Amino acid sequence: RQHPDYAKGLSNLADFYHVIGNDRAADALYQKAGDILSATLGDGSAATATVKARRVDVLRSLGRHTDAKRLASLLQ
């Protein structure tokens with residue numbers, strides 16, 4: 001599915017998983033939501049940036065600091 005509303009649902013589920021501490025599941029969902037939003041709304045959209053910023057937080061929680069730094073640099 002390639003629709004922004006579907007991506008929003010994935011992002012909301014990822015938020016839930018992050019809150020309960022399941023960061024691996026949250027990461028996968030944020031990645032998929034970010035990919036959909038990039039494809040449908042573009043990398044410059046606020047929704048895309050928000051999801052990617054949340055993924056940066058999850059990557060840091062997982063100890064994947066290099067990946068988090070790389071993704072964060074793309075948001076600037």
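Me: Which residues does helix 1 cover, and what length does it reach?
Reply: In this predicted model, helix 1 runs over residues 4-19, which makes 16 residues, and it reaches 22 Å from its first C-alpha to its last, close to the 22 Å expected at 1.5 Å a residue.

Me: Which of its residues are buried?
Reply: The buried residues in helix 1 are Ala7, Leu10, Ser11 and Ala14. Looking down the helix axis, the buried residues fall within an arc of 100 degrees, so they line one face of helix 1.

Me: And what do those buried residues pack against?
Reply: They pack against two other helices, namely helix 2 (23-40) and helix 3 (46-61).

Me: Which exposed residues sit on the face turned away from the buried side?
Reply: That face of helix 1 carries Asp5, Lys8 and Val19, which are exposed.

Me: What comes after the helix, at glycine 21?
Reply: Glycine 21 follows helix 1, and its phi is positive, near 95 degrees.

Me: Switching to rings, how many aromatic pairs are there?
Reply: The count comes to 1 aromatic pair, formed by phenylalanine 16 and tyrosine 17, with 5.9 Å centre to centre and 55 degrees between the planes, an arrangement described as tilted.

Me: Why is tyrosine 17 partly exposed rather than buried?
Reply: Tyrosine 17 has 25% relative accessibility, and because buried means under 20% and exposed over 50%, it counts as partly exposed. Phenylalanine 16, the other member of the pair, is also partly exposed, with a relative accessible area of 47%.

Note on methods. Residues numbered from 1 in each chain as written. Predicted model: local features only at pLDDT ≥ 70, side-chain atom pairs only at ≥ 80, totals over all residues. Heavy atoms only, no water. Phe/Tyr/Trp six-rings, centres within 6.5 Å; stacked < 30°, edge-to-face > 60°. Buried < 20%, exposed > 50% of the residue type's maximum accessible area, 1.4 Å probe, protein only. Helix = DSSP H or I, 4+ residues; strand = E, 2+ residues; numbered from the N terminus. Expected span 1.5 Å × (residues − 1). Arc of directions from axis to C-beta. Contact = heavy atoms within 4.5 Å.
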